[in-house]
Amino acid sequence: LSFYQRKEVKDLVAYLRLSVNPHDEEALRRVINYPTRGLSQATVDKLGQLAAERGLSMWDAMLLPELALTDRARKSLGAFRKMVDLWNARARQDNAYKLATDIYRQSGLQEALKSDTTPDGISRQQNAQSVLDGISEFSDTGLGAGAAVAIAGEDRTLATYLQTISVS
């Protein structure tokens, strides 16, 4: 299994992608209820169906009043959206490493990985930490994807980091 194909790495990268672009449907579907935040698959399906019917992204469809959800699901969806909105506002100027570590912690992903103390669970934690270490190196040096790509200028945002890993 390639490093970037591991579940924990894909989950963390999906959160990072979503913080840069909330309209990223693939990333949104991957993490909208991971770690669990009280949204059923039926809720996600309703959201996707309404978005398709209206020709909107799922992100935009979250705001439609005709989205028929329970109060609990609506509250969970609202909290998720607010969290991602805050990251998205920061993604334009914040240091990539600072934002990524905040996303890892605030999303609940860090806690979910820490709760598994088996050898495989510890390995998953280390893999997520390796992603963060790579972002730290990028933030400090402007080198991304294992120093394979040098970034010109001072753009050390999360969006630029994500571009470096997508081309390697």
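**Exercise 1. What volume does the largest pocket have, and which residues line the largest pocket?**

Solution. The model worked with here is a predicted one. Begin with the size: the volume of the largest pocket is about 210 Å³. Next, find the lining, which is made up of Tyr 4, Gln 5, Val 9, Lys 10, Val 13, Ala 14, Arg 17, Glu 26 and Arg 30. Then assign the lining to helices: α1, spanning 7-20, and α2, spanning 25-31, each contribute at least two of the lining residues, and α1 gives the most, with 5 residues.

**Exercise 2. Determine how helices α6 and α8 are oriented towards each other, and describe their contact.**

Solution. First locate the two helices, with α6 covering residues 96-106 and α8 covering residues 119-141. Their axes lie 8 Å apart, and the packing angle is about 160°. Since angles over 145 degrees count as roughly antiparallel, α6 and α8 are therefore roughly antiparallel to each other. Now turn to the residues that meet: α6 brings Ala 96, Tyr 97, Ala 100, Thr 101 and Tyr 104, while α8 brings Gln 125, Ala 128, Leu 132, Ile 135, Ser 136, Phe 138 and Ser 139. Sorted by class, the residues of this contact comprise 8 nonpolar and 4 polar ones, with no charged residue.

**Exercise 3. Describe how α1 crosses α6, and list the residues that make the contact.**

Solution. Start with the geometry: the axes of α1 and α6 come within 10 Å and cross at roughly 115°, and the crossing is right-handed. On the α1 side the contact is made by Leu 12, Tyr 15, Leu 16 and Ser 19, and on the α6 side by Ala 100, Ile 103 and Tyr 104. The classes in this contact are 6 nonpolar, 1 polar and no charged.

**Exercise 4. Work out the orientation of α1 and α8, and divide the residues of their contact by class.**

Solution. The axes of α1 and α8 are 8 Å apart, and the two helices pack at an angle of about 40°. α1 and α8 are therefore oblique to each other, and their crossing is right-handed. The contact joins Glu 8, Val 9, Leu 12 and Leu 16 of α1 to Arg 124, Asn 127, Ala 128, Val 131, Leu 132 and Ile 135 of α8. Divided by class, these residues are 7 nonpolar, 1 polar and 2 charged. Looking back, Val 9 of α1 takes part in this contact and is also listed in the lining of the largest pocket.

**Exercise 5. Is the peptide bond from Tyr 34 to Pro 35 cis or trans, and where is Pro 35 found?**

Solution. Consider omega first: the value for the bond from Tyr 34 to Pro 35 is near -10°, and the bond is cis. Then place the proline in the chain, where Pro 35 belongs to the loop between α2 and α3, the latter spanning 41-54.

Technical notes: Residues are numbered from 1 along each chain as its sequence is written. This is a predicted model: local features need pLDDT of at least 70, side-chain atom pairs count only at pLDDT 80 or more; totals for chains, interfaces and linings use all residues. Side-chain values use heavy atoms; hydrogens and water are left out. On a 1 Å grid over the protein atoms alone, a cavity is a set of points where a 1.4 Å probe fits but cannot get out, and a pocket is an open set with protein on both sides within 12 Å along at least five of seven lines; lining residues have an atom within 4 Å of a point. Grid points are joined across faces, edges and corners, and a volume is the space filled by probe spheres set on the points. Helices (H or I, at least four residues) and strands (E, at least two) are DSSP runs, numbered from the N terminus. Axes are lines fitted to C-alpha atoms, for helices over the stretch in contact, and angles run from 0 to 180 degrees between N-to-C directions. Angles under 35 degrees count as roughly parallel, over 145 as roughly antiparallel, 65 to 115 as roughly perpendicular and the rest as oblique. Contact means heavy atoms within 4.5 Å. Ala, Val, Leu, Ile, Met, Phe, Trp, Tyr, Cys and Pro count as nonpolar, Asp, Glu, Lys and Arg as charged, and the others, Gly among them, as polar. A crossing is left-handed if the near helix is turned anticlockwise from the far one by less than a right angle, and right-handed if clockwise.
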